[in-house]
Amino acid sequence: MFANDPSKKISFTRCIRDGDLVIVYERHDTLKAVKVCEGSVLQNRFGVFKHSDWIGKPFGIKVFSNKGGFVYLLAPTPELWTLVLSHRTQILYIADISFVIMYLEIVPGCVVLESGTGSGSLTTSLARAVAPSGHVYTFDFHELRAASAREDFEKMGLSNLATVAVRDIQGKGFPDEYCGMADSVFLDLPQPWLAIPSAGKMLKQDGILCSFSPCVEQVQRSCETLKSNFTDIRTFEILLRTYEVQEGKLDNSQGEEGVPLGMRPCKRRQRSSEGSNVLENSTSTVVMARPCSEAKGHTGYLTFARLKCVS
């Protein structure tokens, strides 16, 4: 969670204030980002919600409308922001983002260079990872995209952690002022091999580069370019498999064949009026898990490489 106050501190416990950005959770598939304003209201299928009722309440609270409907007010974490941001470009999601931050070895105080900014999904997570003393310098060749990303970071209170600039990194490379300053470099470009030589100059000794590409042909060409100045070159594809866990009814009269795998049959016998034992036809509740039918597949390839140390 990012605080929007002048102290520029990250907080997980403070209350909602006028001007804050909150994530309104309406249902599991419906979230929206709302800026709190004293005299404003939020109107949806559950009724009318006054912003004035939100101020002073802690994040995570359940608030009610004039009709008795309710929503939850959540803190604007990078994970939630990724789900609600405007898709100006294709974005990276949580599985790829978490892997990138781990393999780039990003910790508080790091300096990270990123190109291109796109919708800013990754940038928000990078900013949290380097906080409070690090910084992310992100570049995009498209002026309107860069301006929109800058506005988003301002809303989230990230201006002190992320700087957005307009620059064609493929054509011009990174600015010379960052030479030898970066702990990590991230590339999300159509032709990343054109920017790799410049990225190598920006990295500190033993610094790490990551390139995200949707096509394996891009990976192959990037790896060929990386071999000259980088070592420990590795490529990964992140496939996320989600499971649905829910309660279901088990028919005990089905016997062994009707019992789900891993479940022991639950048979209860009772004595009938004739004195014989019979199987009681009854059902019991069990918890079942199965893979989601709409699992997301391939997003892209992540290629990591470490800058060779100069002896």
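1. Of the 311 residues in the chain, 43% count as buried, a term used here for under 20% relative accessible area, with exposed meaning over 50% and partly exposed lying in between (1.4 Å probe, protein chains only). This is a predicted model, in which local features need pLDDT of at least 70 and side-chain atom pairs count only at pLDDT 80 or more, whereas totals for chains, interfaces and linings use all residues. Residues are numbered from 1 along each chain as its sequence is written, and side-chain values use heavy atoms, with hydrogens and water left out.

2. The chain holds 7 helices and 17 strands, taken as DSSP runs numbered from the N terminus (helices H or I, at least four residues; strands E, at least two). Among contacts (heavy atoms within 4.5 Å) between residues at least 6 apart in sequence, 63% join residues at least 24 apart.

3. Helix α3, which spans residues 121-130, is mostly covered, since 9 of its 10 residues are buried; among them are Leu122, Leu126 and Val130.

4. Asp140 belongs to strand β8 (residues 135-140) and is buried, with a relative accessible area of 4%. Leaving aside residues up to four places away in sequence, Asp140 touches Gly116, Thr117, Gly118, Arg145, Ala165, Val166 and Arg167. The C-alpha atoms of Asp140 and Ala165 are separated by 6.6 Å, although these residues are 25 apart along the chain. With the side chain of Arg145, the side chain of Asp140 makes a polar contact at 3.3 Å, that is, a pair of N or O atoms within 3.5 Å of which, within protein, one must be able to donate a hydrogen and the other to accept it, residues adjacent in sequence counting only if both atoms are side-chain atoms.

5. Side chains of opposite charge can pair when their charged atoms come close. The count comes to 11 salt bridges, each defined as a side-chain nitrogen of Lys or Arg within 4 Å of a carboxyl oxygen of Asp or Glu. In one of them, Glu26 meets Lys32 (3.2 Å, N to O); Glu26 is buried at 9% relative accessibility, whereas Lys32 is partly exposed at 29%.

6. Arg306 and Glu105 also meet in a salt bridge (2.8 Å, N to O), a pair that links distant parts of the chain, 201 residues apart: Arg306 lies in strand β17 (residues 301-307) and Glu105 in the loop between α2 (94-103) and β7 (111-115). Arg306 is buried, with a relative accessible area of 18%, while Glu105 is partly exposed at 45% relative accessibility.
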